[in-house]
Amino acid sequence: MLVADGLVLLLQQLSESKSSQIDLTSSVQKKRQLKELEDELRKVKKRAVELEDEISAAKIGREESDERSELLLKVAEEQQRETELKAALVEFKDCDPALIDAKEKAANIAKAAANRWTDNIFCLQSYCNNKYNIASTDFCKHFGVPEDLDNLA
C-alpha cells in the first residue's frame, strides 16, 4: 500500500510540474504578445503625431480669404466648363480623324480579303475547267457564284 501511495504522490508531483510549465510557457507567450502590441501601439501613435503635423503644415497658407474663395469658385466654374465641353465632344465622336482612319484601314483589310477569296474562286474555277472540263457557266450555276463576279477595284 505504501508503495502505491508513493507512486501516487510521484504522479501528482509530475503533473503539477507539467501544469506549471504549461502556465509558464503561456505566460511567456502572453508577455511576448503584449510586447508586440505595445510596440505596434507606439508606432501607431507616432504615425498619428506625424499625420497631425502634416495636417497642420498643409493648413498653412489655406486660411480662408477672399482671394482663396474667388480662386476656388473659379476652379469650380472651370471644372463645370470642362464637363460641358466633354459632353459636347461626345456628340462629334463620329468625326474623329483617328476613328475615320481606323475605319478606313479596316475597310482596306476587308477589301483585300474579299479580293483574295475572289481569286481563290477563280483558281478553283480554272482548276475545274482544266481537270474536269466544267464550263465556267456550269461552275457558277452549280456553286451559286454570280456570273458577273469580279475583283473589287
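Residues are numbered from 1 along each chain as its sequence is written, and side-chain values rest on heavy atoms, with hydrogens and water left out. Because the model is predicted, local features need pLDDT of at least 70 and side-chain atom pairs count only at pLDDT 80 or more, while totals for chains, interfaces and linings use all residues.

The chain comes to 4 helices and 0 strands, and along the sequence the pattern reads α-α-α-α. Here helices (H or I, at least four residues) and strands (E, at least two) are DSSP runs, numbered from the N terminus. Of the 153 residues, 5% count as buried. Buried stands for under 20% relative accessible area, exposed for over 50%, and partly exposed for anything in between, using a 1.4 Å probe and protein chains only.

Two packed helices are described by the angle between their axes and the distance between the axes. For helix α3 (residues 97-132) and helix α4 (residues 136-143), the angle is about 120° and the axes are 10 Å apart. That makes α3 oblique to α4: angles under 35 degrees count as roughly parallel, over 145 as roughly antiparallel, 65 to 115 as roughly perpendicular, and the rest as oblique. The axes are lines fitted to C-alpha atoms, for helices over the stretch in contact, and the angles run from 0 to 180 degrees between N-to-C directions. The crossing of α3 past α4 is right-handed, a label for the near helix being turned clockwise from the far one by less than a right angle, with anticlockwise giving left-handed.

On the α3 side, the residues that meet α4 are Ile 121, Leu 124, Gln 125 and Cys 128, and their partners in α4 are Ser 136, Phe 139 and Cys 140. Contact here means heavy atoms within 4.5 Å. Sorted by type, this contact holds 5 nonpolar residues, 2 polar and no charged. In that sorting, Ala, Val, Leu, Ile, Met, Phe, Trp, Tyr, Cys and Pro are nonpolar, Asp, Glu, Lys and Arg are charged, and the others, Gly among them, are polar.

Gln 125 sits in helix α3 and is buried, at 14% relative accessible area. Setting aside neighbours within four places in sequence, Gln 125 touches Ser 136, Phe 139 and Cys 140. Asp 138 belongs to helix α4 and is partly exposed, with a relative accessible area of 44%. From C-alpha to C-alpha, Asp 138 and Gln 125 are 9.9 Å apart in space, and they are 13 residues apart in sequence.

Then there are the aromatic rings. Rings of Phe, Tyr and Trp (its six-membered ring) pair if their centres lie within 6.5 Å; planes under 30 degrees apart are stacked, over 60 edge-to-face, and the rest tilted. By this rule there are 2 aromatic pairs. Tyr 127 and Tyr 132 have ring centres 6.3 Å apart and planes at 85°, so this pair is edge-to-face. Tyr 127 is partly exposed at 44% relative accessibility, whereas Tyr 132 is exposed at 53%. Phe 139 and Phe 143 make a tilted pair, 4.8 Å centre to centre with 50° between the planes. Being 4 residues apart in helix α4, Phe 139 and Phe 143 are separated by about one helical turn. Phe 139 is buried at 3% relative accessibility, but Phe 143 is partly exposed at 47%.

Two further residues round out the picture. Thr 118, in helix α3, is buried with a relative accessible area of 9%. Apart from neighbours within four places in sequence, Thr 118 is in contact with Leu 149, Asp 150 and Asn 151. Asn 133 lies in the loop between α3 and α4 and is exposed, at 67% relative accessible area. Its phi is near 55°, a positive value in a residue other than glycine.
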